[in-house]
Amino acid sequence: MSRTHVETSVNGEPAEFLCQPSETLLDALRNQLGLTGTKEGCGTGDCGACSVMLDGQLVPACLVLAPEVEGRSVETIEGIARGEKLHPLQRKFLEHAALQCGICTPGFIVAAKALLEKNPSPTEAQARYYLAGNLCRCTGYDKIIRAVLDAGAEMRGESA
Amino acid sequence: MSERKFKYVGTRPIRHDGLDKVTGRAEFGADQEMPGMLWGAILRSPHAHARIRQIDASKALAAPGVKAAVTGADMPKVPHRWMGGAEGGMDFGDVAENCLAREKALYHGHAVAAVAAATQQQAQDALALIQVDYEVLEPVLDVERALAPGAPILDPELEPMGHGALPAKPTNVATCVGFRGGDLAQGFREAEVVVERSFRTPMVHQGYIEPHACIARTGEDGKILIWCSTQGAFMVQMMSAMALGLDPNLIKVIPSEIGGGFGGKTTIYLEPVAIELSRRAGGRPVKLVMTREEVFRATGPTSGTSIRIKLGAKRDGRLVAGQARLVYEAGAYRGSPVGPGAMTVFGSYKIPHFEIEGLDVLVNKPKVAAYRAPGAPMANFAMESLMDELARELRIDPIELRLLNAVSEGCKAPYGPRYGPIGLVESLRAAKEHPHYKAPLGKNQGRGIAAGFWFNAGLQSSAVVSVNMDGSAVVRTGNPDIGGSRASMAIMAAEELGIPVERIRPMVGDTESVGYCDLTGGSRTTFATGMAVIEAARDVVRQLRERAAKIWSCSVDDVKWEDGMAIPLNAAAEKNKPLPLIALTVQMGATGGPIVGRASLTAPAAGPGFAVHLCDLEVDPETGRSEVRRYTAIQDAGKAVHPGYVEGQMQGGAAQGIGWALNEEYVWDAEGVVQNPGFLDYRMPVASDLPMVDTVIIEVANPTHPYGVRGVGETPIVPPLAAVANAMRDATGVRFEQLPLSPPAVLAALEARG
């Protein structure tokens, strides 16, 4: 079967790969580009572990076909920190003990960043509903929600 | 002991593996690849019960890219042998057949064949070319059918195990357990009030977000390398060896980061298959990663149960008699957690006269695996629902009723031993005093309370602590870090060495880099492996004192270790100044060489952890949908090493239990085909389903641990099922005897109530 050549941008850098037409963006990121920070929990768009930004839109990478990202811009968990400086969400997840096993964490951080970009000061309920597409089985969400709200406060310049 | 002042224990440092986990760098089971790697795929039975007449994989083997195929007939027949473990026992023969079926497929999803190919797609495509000739048999889908005369028999060779009158062969009853005390008939004669009900809970899954994954590579010298996501590398080594009839020392297991387990990764599914595929593919590494559907169909779950309890009490609320019969689905092979269910069902209360009977029954569903406090949540749901009924019947406050009957130090547990210091009474009092318990309720709201406990395991652990030239230290154990245990290990080493937690690097070893450790399970890691870390760190401190004594030419008895420094005492103090750790480590070479501390131990009985949960539920009478409005978890942690992760266990366990109570269940059709093997239809709690979960950590020191630590991971899933159901009773006036309390079930009950 002939493979498709895809040129795209991943975390601000040009990237290219060959893939099957039926391959998902998730598989391409993980297997062609070696970006395994984006996780597969279900493959059906139900768990949010593979959350990435596609042209500024939050999507589950398992529901995007890899050829669809031709000429577009993808942001993954690997692109969230700026050099050695963690994003406030990453820092707050650590400070609040908002992860236990950590498999859902990349997806949560990508989704929470999208939330705070859309709505810099969400209420607890807004954060809970925005992040309802991300499953966590370890934490009961309490510390995740606190970390997200605290990161939002810090990004707004309010010290917690 | 309990008066000890701690410097690092009880603080909340950033976990050492945290950075890798928030940046996506941490490598989980599916994140590894190896040069020349092939992808494997597994063909699973479409039938819940079928005889496998023949499997022909020749067409698959001839397909493009396919390098190997394997069926059950290619695997050695492993004799049945039962062995106990951290989270219940298992039979090696069963585990091997569960990895790849032999004569029969016993559930919808049972692995029957596997292939390895150059690409994932080629492996998937090749599965369709494998021809399996099945003779479809009637499936046994519930315990009533399994126990009925003339029921289809899953395994004609099954030998019932356990106590009492065992059923005659052939039977679907795998195990019988029983406990009794006092004189049951006498107890019920003394009773002034009797309550009795039957309860059911469905089969549910652990629901870890990371599917099972492994890579296996075989070598020309017979040595085998396995990389996998597991709760125990040594367990994978031993069980894979047993399944293939190999010497365990041929197998090296490197545990990846683990994306959740909750007991579900205390066994093996993929590893022997991957090894066999690798061998047949000339030693190329083979990667197997389950899909979510495979996870639901073929791994986990825990038992569906049917439980009947009868309680007798005096008018003042004192329990005098209790009788319980627990019937647990084992799934396709022996091994439901009915044993711990029977041990825990009456374990929270003083009941002078009791009889407990438990049955482990085979049905054509996936073989159950350990799930957080295996067996206890279901038994506790039944018991604590009935305690709520008794409190209503007697018009006694439900916490007062429990306080009146609560076990405390010196009480004899129904399963034998006497309790040491435990925190049930303290937890009940904390619940009673908590503002949550006194807060007013709104319309359509109800409040439920439930207690519960888990034994916690001890078992075998090893640890190595070494100090570096720069005065930092490395801690190595063999327990995969499933929820922050590296941080706990580092905190305990810091406490002994007297250096900051950040100066310590905790790591998880593979099967060749650390002494034997039983798996991460039974809430044992912080308790038992932590104890090994403390002892290993004390071994380092002993050596550091010796080095200081050598430098000062004094007796080691004249050197004490405090706050990260060797401090001279007595005569030595006159001419010497304290030496900090780094002053000793820079000259290790001159004073006797590198310093490595080690410890290995079998930890004593761990000391049960008790908890009390409070739940406020609001029910929409029009739809039957309910929402948890407020939740408080109170638990005895003995001593919280890292309170943030203790709270996290309490909150996470509560959330999992709430899911079990409200929505989670396997749905089967009449043929035993799973109808909801995905996260869309198997409904786990999401962020918008839950409120914040308040926590109260009680600390009743556990005398078997140097700091008083108790395991905390499992206890918090024990009370929520009943706490939610009791809140539903309070909100609606309806006693639900069956979980889940999903909107259709609640709506139907409300309509029947009128």
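At what angle do helix H11 and helix H12 of chain B pack? Select residues 376–394 for H11 and residues 398–405 for H12 in chain B: they pack at about 110 degrees, with their axes 9 Å apart. Axes here are lines fitted to C-alpha atoms, for helices over the stretch in contact, and angles run from 0 to 180 degrees between N-to-C directions. Since 65 to 115 degrees counts as roughly perpendicular, H11(B) and H12(B) are therefore roughly perpendicular to each other.

Before moving on, some housekeeping. This is a predicted model, where local features need pLDDT of at least 70 and side-chain atom pairs count only at pLDDT 80 or more, while totals for chains, interfaces and linings use all residues. Residues are numbered from 1 along each chain as its sequence is written, and chains are lettered from A and ligands numbered from 1 in the order in which they are written. Helices (H or I, at least four residues) and strands (E, at least two) are DSSP runs, numbered from the N terminus.

H11(B) brings Met387(B), Asp388(B), Leu390(B) and Ala391(B) to the contact, and H12(B) brings Pro398(B), Leu401(B) and Arg402(B). Residues are in contact if their C-beta atoms, placed from the backbone, lie within 7 Å. The class count is 5 nonpolar, no polar and 2 charged. Ala, Val, Leu, Ile, Met, Phe, Trp, Tyr, Cys and Pro count as nonpolar, Asp, Glu, Lys and Arg as charged, and the others, Gly among them, as polar.

**Next stop: a sheet with a helix across it**

Still in chain B, look for an open sheet of 4 strands in the order S22-S21-S20-S26, with mixed pairing. Two strands pair if DSSP finds at least two bridges between them. At the edges are S22 (504–508) and S26 (596–603), each pairing on one side only. From one strand to the next, the twist averages 15 degrees. Select 459–467 and 473–477 to see S20 and S21 of chain B run antiparallel, joined by 5 bridges; Ala463(B) has Thr477(B) as its bridge partner there.

Buried means 20 or more other C-beta atoms within 10 Å of a residue's own, with C-beta atoms placed from the backbone. Click on Val361(B): leaving out residues up to four places away in sequence, its contacts include Val143(B), Leu147(B) and Tyr328(B).

**Over to chain A**

Which residues of H1(A) are buried? Select 25–32: 6 of the 8 residues are buried, namely Leu25(A), Leu26(A), Asp27(A), Ala28(A), Leu29(A) and Arg30(A). They pack against strand S2 (13–19) of chain A. Just past the helix, Gly34(A) takes a positive phi of about 70 degrees.

Finally, show both chains together: 42 residues of chain A are in contact with 44 residues of chain B. On the chain A side, H2 (88–95) gives the most, with 4 residues. That side has 21 nonpolar, 12 polar and 9 charged residues.

Notes. Contact = placed C-beta atoms within 7 Å. Parallel < 35°, antiparallel > 145°, perpendicular 65-115°, else oblique. Buried ≥ 20, exposed ≤ 12 C-beta atoms within 10 Å, placed from the backbone.
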